[in-house]
Amino acid sequence: MTETTTPTDPDSPAPPSPVDASALIVNAAGEYLLHLRDNVPGIWQPGSWALLGGGREPGDASLEDTVRRELREEAGLDLPDLTPFAIDTVAGTDGSPVPIQVFAGHWNGDPDALTLTEGVMLRWFRPETMQRLLLSPSTLALVSRHAELSGSPHGDLHQPPPPAQRTTPTPRGCAGPGRYAFTVLGVHLYLEDQDGRVLLGLRHQDSACAGESWHFLAGHCEPDESAIACLVREAEEEAGLVIRPEDAKLIHVAHVVDEPGAQPRMQFVFRVRRWQGRPELRAPDKCLAWRWWEPAALPAPIVPYTRVAIQSICAGRPYSEVGWA
């Protein structure tokens, strides 16, 4: 969401007053609370991340009452400090402009401890991570503006990272050169269709990880992100699949090193038997296709530890090591 301004013109009609309200909630770490909406037709921005909020009802004395009621009804949240931040205009379900009063507030709780009555989940996100979400550009701009005014180092979300932060693909895998004092944590989604076939994606040739190879739907955990939270995020971002954290079961761990001296990685494979949606190409710059494969007839080329993990899972082995001397 972005604040909209209209030049003053005595002959033009006054802009409509907001009838909806939403909450821009930030914690002490500079993370923003987003709501994953239901992926059902007929609602505003189905299947996307958005701010909590809703429309004014007859019993609401003000838009502040509206946003407080919505926070209580949707998530059981009662915030003491909510202040007007911006008036935002978004496109409604019929394409017409809808003005929204955005309130800013602070909260430092655990979203998983809340009782969510609408949508799929609530999660904290750092501003720079939001670029990878299915998220309204106007909401991204609104967060950017708030972070900038708050003095956050992530205020400008639309600038590319400096060259020193860019990564260069390595020929044998996803890890960069050199020795490290820690292990990178990767998460992988193990999905089977009704015929027992496993979902794999063909990575884009320019992908920094496993280019031109078949691989699990996978990702690396952010520094402040749990493994299952990462799995949930990657499934939605890369394939449009909605999974619940409680449905993810750890079935295999692979300790992987691509080559001598490369950064070691601990790869967690989670099986999920229930999910919503069908695999979509949400990130075509990373993945060119999703296909279901028989475990006994896996495609080539395939990431070596992916093959080892699938074979180990079929044999009931919970752990493997790949690439170590």
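**Close-up views of a predicted model**

**View 1. The whole chain at a glance.** The protein chain exposes about 16,500 Å², and carbon and sulfur atoms supply 53% of it; such areas come from the Shrake-Rupley method with a 1.4 Å probe, and for residues only the protein chains shown count as cover. This is a predicted model, so local features need pLDDT of at least 70 and side-chain atom pairs count only at pLDDT 80 or more, while totals for chains, interfaces and linings use all residues. Residues are numbered from 1 along each chain as its sequence is written, and side-chain values use heavy atoms, leaving out hydrogens and water. Four helices and 15 strands make up the secondary structure of the protein chain; these are DSSP runs numbered from the N terminus (helices: H or I, at least four residues; strands: E, at least two). Of the 325 residues, 46% are buried, where buried means under 20% relative accessible area, exposed means over 50%, and partly exposed lies in between (1.4 Å probe, protein chains only). Among contacts (heavy atoms within 4.5 Å) with a separation of 6 or more, 67% are between residues 24 or more positions apart.

**View 2. D60 and its partners.** Look for D60 in the loop between strand 4 (52–55) and helix 1 (63–75). D60 is buried, at a relative accessible area of 10%. Its side chain makes polar contacts with the side chain of T66 (2.9 Å) and with that of R69 (2.9 Å). A polar contact here is a pair of N or O atoms within 3.5 Å; within protein, one must be able to donate a hydrogen and the other to accept it, and residues adjacent in sequence count only if both atoms are side-chain atoms. Leaving out residues up to four places away in sequence, D60 touches G55, D65, T66 and R69.

View 3. Two strands pair if DSSP finds at least two bridges between them, and strand 9 is joined to strand 14 by six. In one of these pairings, G201 has W290 of strand 14 as its bridge partner.

**View 4. Helix 4, inside and out.** Y305, T306, A309, I310, S312 and I313 are buried in helix 4 (304–314). They sit on the same side of the helix because they cover an arc of only 165 degrees around the axis, taken from the directions from the helix axis to the C-beta atoms. The face turned away from that buried side carries the exposed residues P304 and C314. Cover for the buried residues includes strand 8 (184–190), strand 12 (248–256), strand 13 (265–272) and strand 15 (319–322). After helix 4 comes G316, with a positive phi near 80 degrees.

View 5. Most residues other than glycine have a negative phi, and most peptide bonds are trans. A300 and P301 are joined by a cis peptide bond, with omega about -5 degrees. P301 lies in the loop between strand 14 (287–293) and helix 4. E212 is not a glycine, yet its phi is positive, about 65 degrees. E212 sits in the loop between strand 9 (198–203) and strand 10 (214–215), and it counts as exposed at 53% relative accessibility.

**View 6. D247 in its loop.** D247 is in the loop between helix 3 (227–239) and strand 12. At 11% relative accessibility, D247 counts as buried. Beyond its neighbours within four places in sequence, D247 is in contact with R271, V272, R273 and R274.
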